[in-house]
Amino acid sequence: AQLASLAQLCRSYPGVKFMATVLSRSDQHEVAVMAGKFQNLHLWGCWWYCNNPSVVSEVTSLRMELLGTGFTFQASSARVHDQLIYKWIHSRALLARALTSKYSELMATGWRLSRGDIRRDVSRLLGGSFEEFIAKPLGD
């Protein structure tokens, strides 16, 4: 991917909001860093071609480490209804595993997990962070 071009767009047009997802595993870290750097860039989901459980798990873990819950976990790029159902069934289990892993790490440090924490995080990952992104004002 030409992520330098995306960075230039974000830098040149700070009042314009961009959503991105990338195909290549090797670009995932760079685009996540960019999403943390540019308030006008929001990451969402994984391309259909990246919809392998190992890739989705790896990308989700990376994004959680760099962005917290400030990205959209999964978005449908499904072309037909059957693909949407298949994708959601698998994605839901992957998200549960990713959150369980992160919560376990936090709890090992003494952090106490509440139902409210879980609700907040799941809500943000399943669209809330996108809604926040769309609603936030950007400077020019």
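Gln74 is buried, with a relative accessible area of 13%. Buried here means under 20% relative accessible area, exposed means over 50%, and partly exposed lies in between (1.4 Å probe, protein chains only). The structure is a predicted model, in which local features need pLDDT of at least 70, side-chain atom pairs count only at pLDDT 80 or more, and totals for chains, interfaces and linings use all residues. Residues are numbered from 1 along each chain as its sequence is written, and side-chain values use heavy atoms, with hydrogens and water left out.

Gln74 sits in the loop between helix H3 (53-67) and helix H4 (81-107). Helices (H or I, at least four residues) and strands (E, at least two) are DSSP runs, numbered from the N terminus. A polar atom of the Gln74 side chain lies 3.3 Å from the backbone nitrogen of Cys46.

Arg63 belongs to helix H3. Arg63 is also buried, at a relative accessible area of 1%. Its side chain makes a polar contact with the side chain of Gln28, at 3.3 Å. A polar contact is a pair of N or O atoms within 3.5 Å; within protein, one must be able to donate a hydrogen and the other to accept it, and residues adjacent in sequence count only if both atoms are side-chain atoms. Beyond four places in sequence, Arg63 touches Thr21, Gln28, Leu43, Trp44, Gly45, Gly68, Phe71 and Thr72. Arg63 and Phe73 are 10 residues apart in sequence, and their C-alpha atoms are 9.0 Å apart in space.

At the level of the whole chain, 5 helices and 2 strands are present. Their order along the sequence is α-β-α-β-α-α-α. The C-alpha trace spans about 40 × 40 × 25 Å along its principal axes.

Of the 140 residues, 39% count as buried. Among contacts with a separation of 6 or more, 69% join residues 24 or more positions apart. The chain exposes about 8200 Å², with 57% supplied by carbon and sulfur atoms. Accessible areas come from the Shrake-Rupley method with a 1.4 Å probe; for residues, only the protein chains shown count as cover.

Technical notes
Contact means heavy atoms within 4.5 Å.
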